[in-house]
Amino acid sequence: MMPHDRKILRQHTRQNQNQNTNSRRPRFSNNHYHTRMGSNSKADPISLTFHDSCLRMSDVQLLHGPHWLNDQILSFYYEYLAHMKYKTNSDLHFIAPEITQCMKYMGDQELKQLLDQSNTTGKPFIFFALNDNESTDAGGTHWSLLVFSRPEKTFYHFDSYGNNNTGNSLELMNKIKELLGARMAKFRPMRCLQQSNGYDCGIHVICMTDHIADYLNRYEVLDGLPTLHIDTVKAKRTELLKLILSLGGKG
């Protein structure tokens, strides 16, 4: 996604979300709950700004321990994939999680305008990081990944915790498929590596997004995707910390 397209999406997001929708409630104590503060806050200083993402120290700290990841971490990584790793492949389109959440509650006319203006409508492959929050209030306890493959006319759903988020993924698919010109698209829940704890769903979404994007970048279809290896998941938090530091962030 080009920077201008992301700005269009985020403008629509801000118009349709209430003040607290961007936050996500983790499974753990409130010490790990992410709260947005002013840009000059000394209590929670900025670690890194990268294109349209902003990570504070409280966000980065989630990578240091067994913590549920918030949407700021996922949004940062989607920015990285779009603007650096897959910058030259315009077929891959990454929708930030807070925008996906907003899409769930938009009216059809406004959603169509958003998709058209951001050039999402005709993209061959679209990635949605999906939260299980079913209201416009802050919340949610689980992440999963929905990937639309236009060549295969299929929405693929990857859930690292059984079928926990199937209902939300089906709801989003049914809301957007006709607007994407894919009224006859199928829904296909995929077998994928399962998390071994209650907090790594966000890491699994990040790893699966990267895994699938790399496969599509080479083969241009999702069919035949190999299974994600557990070692990739185990190493990802450290890799993310190194990436943030390499881009000038603080850890």
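Q: Cys207, buried or exposed?
A: Buried. In this predicted model, Cys207 has a relative accessible area of 2%.

Q: And Cys102, what is its relative accessibility?
A: Cys102 sits at 3% relative accessibility, so it counts as buried.

Q: What is a disulfide, in bonding terms?
A: A covalent bond between the sulfur atoms of two cysteines.

Q: Switching to rings. How many aromatic pairs?
A: The count comes to eight aromatic pairs. One of them is Tyr77 with Tyr80, with ring centres 5.5 Å apart.

Q: Where do Tyr77 and Tyr80 lie?
A: Both are in helix α3, residues 71-85. They are three residues apart, about one turn of the helix.

Q: What about Tyr215 and Tyr219, how far apart are the ring centres?
A: 4.7 Å. The planes are at 45°, so this pair is tilted.

Q: Which helix holds Tyr215 and Tyr219?
A: Helix α7, residues 201-219. Tyr215 and Tyr219 are four residues apart there, about one turn.

Q: Tyr219, what is its relative accessible area?
A: 45%, so Tyr219 is partly exposed. Tyr215, at 11% relative accessibility, counts as buried.

Q: Which residues form an aromatic cluster?
A: Tyr78, Tyr86, Phe94 and Phe127 form one.

Q: New topic. Where is Asn165?
A: In the loop between β6 (154-158) and α6 (166-176). Asn165 is buried, with a relative accessible area of 0%.

Q: What does Asn165 touch, leaving out residues up to four places away in sequence?
A: Leu130, Asn131, Asp132, His142, Ser144, His157 and Asp159.

Q: And how far is Asn165 from Trp143?
A: They are 22 residues apart in sequence and 7.7 Å apart in space, C-alpha to C-alpha.

Q: Zooming out, how many helices and strands in the chain?
A: Eight helices and seven strands.

Q: How much of the chain counts as buried?
A: Of its 251 residues, 56%.

Q: Last one. What share of contacts between residues at least 6 apart join residues at least 24 apart?
A: That share is 69%.

Key
Residues numbered from 1 in each chain as written. Predicted model: local features only at pLDDT ≥ 70, side-chain atom pairs only at ≥ 80, totals over all residues. Heavy atoms only, no water. Helix = DSSP H or I, 4+ residues; strand = E, 2+ residues; numbered from the N terminus. Buried < 20%, exposed > 50% of the residue type's maximum accessible area, 1.4 Å probe, protein only. Contact = heavy atoms within 4.5 Å. Phe/Tyr/Trp six-rings, centres within 6.5 Å; stacked < 30°, edge-to-face > 60°.
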